[in-house]
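Which charged side chains pair up in this protein, and where do those pairs sit? The paragraphs below go through them pair by pair.

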Amino acid sequence: MDKKNWFVIYVAAIAAMGGLLFGYDTGVISGAMLFIEKKWTLTPFDKGWIVSSVLVGAVLGSAFSGRIADKFGRKKVIIVTAVIFFLGSIFSAAANSPEMLIWSRILIGLAIGVASFTVPLYISEISPTNIRGALVSMNQLAITIGILGSYFIDQYFASFTLSWRLMFFVGVIPSILLAIGMIFLPDTPRWLVFAGKDDEARKIIAKIESEDKAEQELNIIKNSIKEESGSSYLDLLKPSLKPALIIGIGLMFFQQMTGINTIIYYAPTIFKMAGFVSETAAIAATVSVGIVNVLLTVVSMFLIDRLGRKPLLYGGLVGMTAGLMLLGLAFQFADQLGSSLKWISIGSLELYIASFAISLGPIAWLIIAEIYPTKIRGAAMSVATLSNWGFNFVVSLTFLPLIASLGKTNTFWLYAFLSIAAIVFTKFFVPETKGLSLEEIEQQLVTLKEDDIEPLEI
Ligand code: BGC
């Protein structure tokens with residue numbers, strides 16, 4: 001591999017610590033909750049708050065940080081986020097009341113909300129075109145490792161006296177690595193040009209691209225930014241930006257509404273519904289789902305810049321639909337299936353998670369990091385990210401009530417139906433961004449030059 005590629009792989013790996021924290025801090029609560037319940041007398045409402053406070057924080061964090069990333073740069077925002085992760089982990093570990101825990105989890109949520117889009121944003125803007133898909137997907141890989149790591153850490157600390165405090169405290173380590181690592185990394189060439197620091201941008205591009213291409217690349221970025229007229233939240237309302245906003249919000253809608261976090265947050269519950277009697281067996285099955293999630297994300301990273309985003313999306317969505325339909329069917333014929341139900345449930349959930357991991361998982365975050373104009377990329381990504389957390393909140397909150405009212409079969413079929421709708425959405429709205437520079441994508445998809453809208457390339 002080219003020596004220059006190693007530099008960007010290193011840069012992406014450091015920034016992806018933000019993804020690791022995102023995964024870890026969303027995953028850790030399921031195990032920690034078992035012990036928190038024993039420490040304080042909690043009403044179901046308190047418990048609901050302790051679990052969902054992170055999502056509330058993430059909604060707030062993603063809503064208010066987009067312009068800050070455009071104004072002050074991607075790097076500074078990621079460093080501040082790391083500090084908030086650090087403080088949130090310490091405060092959660094030290095919480096001496098449920099209220100303090102809820103506030104600390106909101107703080108962590110704020111950091112997750114900001115990290116969830118600034119990390120892909122940072123990586124996409126610093127990556128060379130030919131491996132941008134794989135590099136940005138390192139963030140998704142880190143998310144899945146964070147989720148899986150949280151299952152193991154939860155199990156490891158379960159027998160310790162300070163169990164849940166230690167579980168939260170572990171988050172301190174990646175936050176320190178992220179903060180220190182980022183201090184020594186540059187900001188992205190695109191943001192540097194936007195901030196008028198062309199010389200610095202030139203130096204970074206020279207580290208990423210071959211010498212002969214560097215000057216040319218700098219000029220392309222400069223011209224493209226010069227042509228963009230946006231720079232405030234109001235610019236997001238311009239008609240020329242509408243297609244890109246629909247793509248971003250639509251992808252996030254489908255990423256969440258097809259049920260991924262019913263599996264990530266409730267897998268042990270689903271496995272128990274399917275007949276796994278012991279908690280240990282249900283948790284072991286959940287760990288296997290976490291492992292498949294990590295492995296197939298790696299597979300996706302190898303394919304994403306070769307096959308392209310859309311073929312992977314189609315393949316993954318077909319697999320997700322099949323997994324969900326199978327699961328629904330299995331619950332429909334539960335009586336006839338007897339003990340085979342649990343094996344079919346594992347098989348269908350593995351198929352579902354594998355298909356998500358090669359497609360909607362990494363690709364939704366990747367595409368929103370590719371399709372917006374530089375000057376308002378942070379603001380536009382924060383809108384898409386806000387919708388991601390909002391939809392996540394809705395699905396997590398409605399899953400158990402849906403099971404109670406519609407039944408298991410219909411609930412999973414509803415998610416299957418939405419996966420089919422996602423295939424149609426991909427066909428008609430999602431652009432293929434493989435092999436195009438961010439400037440070329442902008443040129444083809446949307447431009448902030450007043451009335452000059454190129455047709456959407458699908
Ligand atoms: C999603 C998360 C999900 C995770 C699972 C991410 O892309 O945004 O909501 O928990 O994938 O791997």
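In this predicted model, the side chains of Arg-190 and Glu-439 form a salt bridge, with 2.8 Å from N to O. The term salt bridge stands for a side-chain nitrogen of Lys or Arg within 4 Å of a carboxyl oxygen of Asp or Glu. This pair links distant parts of the chain: Arg-190 belongs to helix α10 (residues 189–194) and Glu-439 to helix α22 (residues 438–445), 249 residues apart. Helices here are DSSP runs of H or I with at least four residues, numbered from the N terminus. Both Arg-190 and Glu-439 are buried, where buried means under 20% relative accessible area, exposed over 50%, and partly exposed in between (1.4 Å probe, protein chains only).

A second pair joins Arg-202 to Glu-215, at 3.1 Å from N to O.

Arg-74 and Asp-70 make another salt bridge, 3.0 Å from N to O, and both residues are buried. These two belong to a network of salt bridges that also links Arg-67, Glu-125 and Arg-377. Over the whole structure, the search finds 15 salt bridges.

Residues are numbered from 1 along each chain as its sequence is written, and side-chain values use heavy atoms, leaving out hydrogens and water. Local features need pLDDT of at least 70 and side-chain atom pairs count only at pLDDT 80 or more, while totals for chains, interfaces and linings use all residues.

Notes:
Helix = DSSP H or I, 4+ residues; strand = E, 2+ residues; numbered from the N terminus.
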